[in-house]
Amino acid sequence: MADDTAHLITSLQKGYLEATAELAVAEAELERLRVVETASIGAHALLADAEAAIARVREIHGRDDSNPHGPWCGTCTNVWPCATWRALGGEEPDRG
Ligand SMILES: [Zn+2]
């Protein structure tokens with residue numbers, strides 16, 4: 001009976017240590033995921049800011065067809081698409 005009790009206590013201690021080790025691993029992984037989530041949120045905010053800035057620049061450097069000699073940029077008055085528009089990798093918007 002005493003041997004059974006001692007064996008049970010040893011088994012419980014071993015289980016406790018294993019569970020504690022697994023908990024530490026899980027907590028470390030959770031912290032890693034929190035860091036990734038925070039970085040992801042920051043990256044999404046930066047992306048949204050960049051996309052908004054590009055949209056503002058595209059709005060300013062739009063095509064102006066008022067010149068009879070051809071389309072011009074409405075802002076920098078270069079032949080359209082102007083260098084700014086091309087630098088943004090802009091394809092011409094649908095004119096339809
Ligand atoms: Zn322009």
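The legends below describe several views of one predicted protein model.

Residues are numbered from 1 along each chain, as its sequence is written. Because the model is predicted, local features are reported at a pLDDT of at least 70 and side-chain atom pairs count only at pLDDT 80 or more, while totals for chains, interfaces and linings use all residues.

**View 1. The elements of the protein and their order.** The protein contains two helices and two strands. Here helices (H or I, at least four residues) and strands (E, at least two) are DSSP runs, numbered from the N terminus. Read from the N terminus on, the elements follow the order α-β-β-α. The radius of gyration, taken over C-alpha atoms, is compared with a globule rule of 2.2 Å times the number of residues to the power 0.38. For 96 residues this rule gives 12 Å, whereas the protein has a radius of gyration of 32 Å, so the protein is more spread out than a compact globule. Along the principal axes, the C-alpha atoms fill a box of roughly 105 × 20 × 15 Å.

**View 2. Confidence along the model.** The predictor's confidence in each residue is expressed as pLDDT, on a scale from 0 to 100. The average pLDDT of the protein is 92, and 93% of the residues score at least 70.

**View 3. L33 in helix 1.** The residue L33 belongs to helix 1. A residue is buried if 20 or more other C-beta atoms lie within 10 Å of its own, exposed if 12 or fewer, and partly exposed in between, with C-beta atoms placed from the backbone. L33 counts as exposed because it has 10 C-beta neighbours inside 10 Å. Of the 96 residues of the protein, 5% count as buried. The C-alpha atom of L33 is separated by 46 Å from that of A2, and the two residues are 31 residues apart along the chain.

**View 4. T77 in the loop between strand 2 and helix 2.** T77 lies in the loop that runs between strand 2 and helix 2. The phi angle of T77 is near 55 degrees, a positive value in a residue other than glycine. T77 is exposed, because 11 other C-beta atoms lie within 10 Å.

**View 5. The cis peptide bond between W80 and P81.** W80 and P81 are joined by a cis peptide bond, with omega about 5 degrees. P81 is located in the loop between strand 2 (72-73) and helix 2 (83-87).
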